[in-house]
Each structure stands twice: as structure tokens, then as C-alpha cells.
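Good morning. Please have the sequence and the model open while I talk. I will start with one term and then go through the structure piece by piece.

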Amino acid sequence: MAGLEEKLCPVCFQEAMEHGECRNCGYHAEESSAVKDYLAPFTILKEKYLLGKSLGQGGFGITYLAENMQSGLRCCIKEYFPSGLLQGRTPDGALILADEENRPEYEEGKQQFIEEACALQELRENISVVDILDFFEENGTAYFAMELIEGCNLRVFRKNHNPKQTLKMALQMLFLLGSSLAEVHRFGMIHGDISPENILITRNGSNVKLIDFGLSDTDSYSILKHPAGTLKYASPEQQVPQTTIDNKADIYSLGVI
């Protein structure tokens with residue numbers, strides 16, 4: 001596998017790497033973000049998913065590019081990784097808790113992560129919500145595979161377009177995202193972190209997708225210890241501990257955006 005890894009691109013998964021550059025997609029090895037907590041490129045999960053470049057880390061998860069080795073299609077893999085509860089991982093990829101006393105909180109979060117994947121699978125007919133393709137447990141944690149959306153987030157999109165284009169797109173996005181959120185809320189879910197970083201625009205600009213339902217829950221949820229959501233876009237009640245949140249928080253955040 002070592003020889004293949006030298007040639008295989010962690011972005012397009014073609015055997016096209018030469019002198020640190022991919023002849024197929026233009027990826028440069030310098031773009032790789034090698035972080036000790038990330039699973040190494042070309043790790044295989046579920047005997048099916050070949051991991052590639054890591055896409056980033058939030059408070060509760062790490063996201064990777066991946067290829068389904070059975071279908072040959074690229075996707076994204078999200079790993080449950082609550083960094084505040086962890087010490088790191090073993091050489092074979094298993095997660096290590098910082099303190100065994102954290103076990104109940106860790107297991108509860110992992111179960112919520114799995115339930116999120118299950119709930120989102122039920123929304124696959126919703127064109128503005130990222131599709132969940134699969135979910136499973138491995139390495140003492142949980143993962144789900146989701147569709148790969150070629151494009152950029154709303155913040156990047158706005159920087160790259162003039163005000164007239166942005167206004168026209170904003171009206172279209174408001175309708176699409178509002179309709180999408182209405183369906184999410186009708187299904188009994190709350191997103192909880194509507195922000196420009198969690199709204200993706202497809203490369204041709206024809207569609208928008210909501211991602212990262214990591215704070216989602218059913219009907220309502222309570223802020224127990226820390227503020228929830230992205231501070232600049234979070235509703236006032238999301239910033240007060242011991243407060244119960246409902247779908248109005250999502251509507252507020254969409255309005256701010």
C-alpha cells in the first residue's frame with residue numbers, strides 16, 4: 001500500500017500524484033493539514049471508506065474527504081470527536097478519554113450523534129439539507145457518511161460576488177432555506193447553529209445546502225452549561241444557560257444572516 005499511497009491523491013483519489021502535486025485535480029501536498037488528532041489519510045473505515053484529506057474540526061467532530069471503495073464515489077465522513085473530553089487517540093485510531101469520569105457524557109453525546117444521522121436520513125428528500133448516506137460505529141466512536149457538495153460556504157461566496165449578485169442570490173437563498181427549515185421544523189428537529197459557515201452553495205450556484213446539525217435536537221433543547229450556536233448569529237435565548245430553545249432560534253439566525 002505504501003507505493004500506492006505515494007501516487008494516490010487524498011482529494012480526487014486518482015493515482016496522479018507526482019512530486020507532491022496531483023496531475024488530475026491540482027492538489028498540492030502543502031495543503032495537507034496534518035494534526036495529531038486526525039486519522040491519517042488512506043485510513044479505511046468499515047472496510048469500505050477510504051479517507052483522504054481532512055476538511056476541518058469543530059467542537060464535536062472532525063470531517064474528512066473520503067471515497068466509497070465499492071461505488072468509487074467521493075463523499076464526506078464526519079467523526080464524533082468531542083475534543084474537550086478526549087486525551088487523543090491510539091496508533092490504531094481508537095479514541096482515548098481524558099478521564100473515565102467523562103464516559104457517561106461521552107456516550108450520551110455519541111448516541112445523540114447517531115440519532116442525528118438517523119433523523120437526517122429521513123430528510124433526504126429535502127433538497128436543501130445535506131444527504132446522510134450511511135452511519136456506523138468504529139474506533140470506540142461513531143461516524144456518518146454524507147454527500148460531498150462541490151462549492152463553498154456562504155461567507156466565501158459573498159466575498160467572491162458583487163453586491164448586485166449577492167442580493168439576487170440572497171432572495172433565492174432566503175426562500176430555499178426558509179422552506180427547508182420549515183420542513184426540518186415540521187419533522188420535529190431544530191438545527192441550532194444556522195451560520196454562513198453552515199450554508200453551502202453548490203459550485204454552479206443553483207442550490208444551497210444546510211450542513212452541520214451537530215446542535216440539533218427534537219422539538220426543543222436546553223442550554224445546560226455553555227452558550228450554543230455561533231455567537232454572532234445565535235438567538236438571545238441560546239446565550240443564556242438553563243434556557244429552553246425551540247425552532248424560533250433557527251428563524252432568528254436566518255434573519256441575522
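The term is "buried": a residue is buried under 20% relative accessible area, exposed over 50%, and partly exposed in between, using a 1.4 Å probe and protein chains only. Asn198 is buried by that rule, because its relative accessible area is 6%.

Before I go on, some ground rules. This is a predicted model, where local features need pLDDT of at least 70 and side-chain atom pairs count only at pLDDT 80 or more, while totals for chains, interfaces and linings use all residues. Residues are numbered from 1 along each chain as its sequence is written, and side-chain values use heavy atoms, with hydrogens and water left out.

Back to Asn198. Where is Asn198 placed? It is in the loop between strand 12 (189–190) and strand 13 (199–202). Strands here are DSSP runs of E with at least two residues, helices are runs of H or I with at least four, and both are numbered from the N terminus. Leaving out residues up to four places away in sequence, Asn198 touches His191, Asp193, Lys209, Leu210, Ile211 and Asp212; contact means heavy atoms within 4.5 Å. Lys209 is 11 residues from Asn198 along the chain, and their C-alpha atoms are 8.2 Å apart.

Three strands form an open sheet in the order 11-13-14, with antiparallel pairing. Two strands pair if DSSP finds at least two bridges between them. At the edges are strand 11 (151–153) and strand 14 (208–210), each pairing on one side only. From one strand to the next, the twist averages 25°. Strand 13 and strand 14 are joined by three bridges, and Ile201 has Val208 of strand 14 as its bridge partner.

Helix 4 lies across strand 13 and strand 14, at about 40° to strand 14. For such angles, axes are lines fitted to C-alpha atoms, for helices over the stretch in contact, and the angle between N-to-C directions runs from 0 to 180 degrees.

Helix 4 (residues 163–186) also packs against helix 5 (residues 248–256), at an angle of about 170° and with the axes 11 Å apart. That angle makes the two helices roughly antiparallel; the cut-offs are under 35 degrees for roughly parallel, over 145 for roughly antiparallel, 65 to 115 for roughly perpendicular, and oblique for the rest. Helix 4 contributes Leu174, Leu177, Gly178, Leu181 and His185 to the contact, and helix 5 contributes Asp250, Ile251 and Leu254. By type, these residues are five nonpolar, two polar and one charged. Here Ala, Val, Leu, Ile, Met, Phe, Trp, Tyr, Cys and Pro count as nonpolar, Asp, Glu, Lys and Arg as charged, and the others, Gly among them, as polar.

Is strand 6 largely enclosed or open? Six of its seven residues are buried, so strand 6 is largely enclosed by the rest of the structure. Strand 6 (residues 74–80) is joined to strand 10 (residues 141–147) by five bridges, and to strand 5 (residues 61–68) by seven. Ile77 stands opposite Ala145 in strand 10, and Tyr64 stands opposite Ile77.

Last, two loop residues. His19, between strand 1 (17–18) and strand 2 (21–22), has a positive phi of about 55° although it is not a glycine. His19 is exposed, with a relative accessible area of 86%. Glu47 also has a positive phi, near 55°, and is exposed at 74%. Glu47 sits in the loop between strand 3 and strand 4 (49–57).
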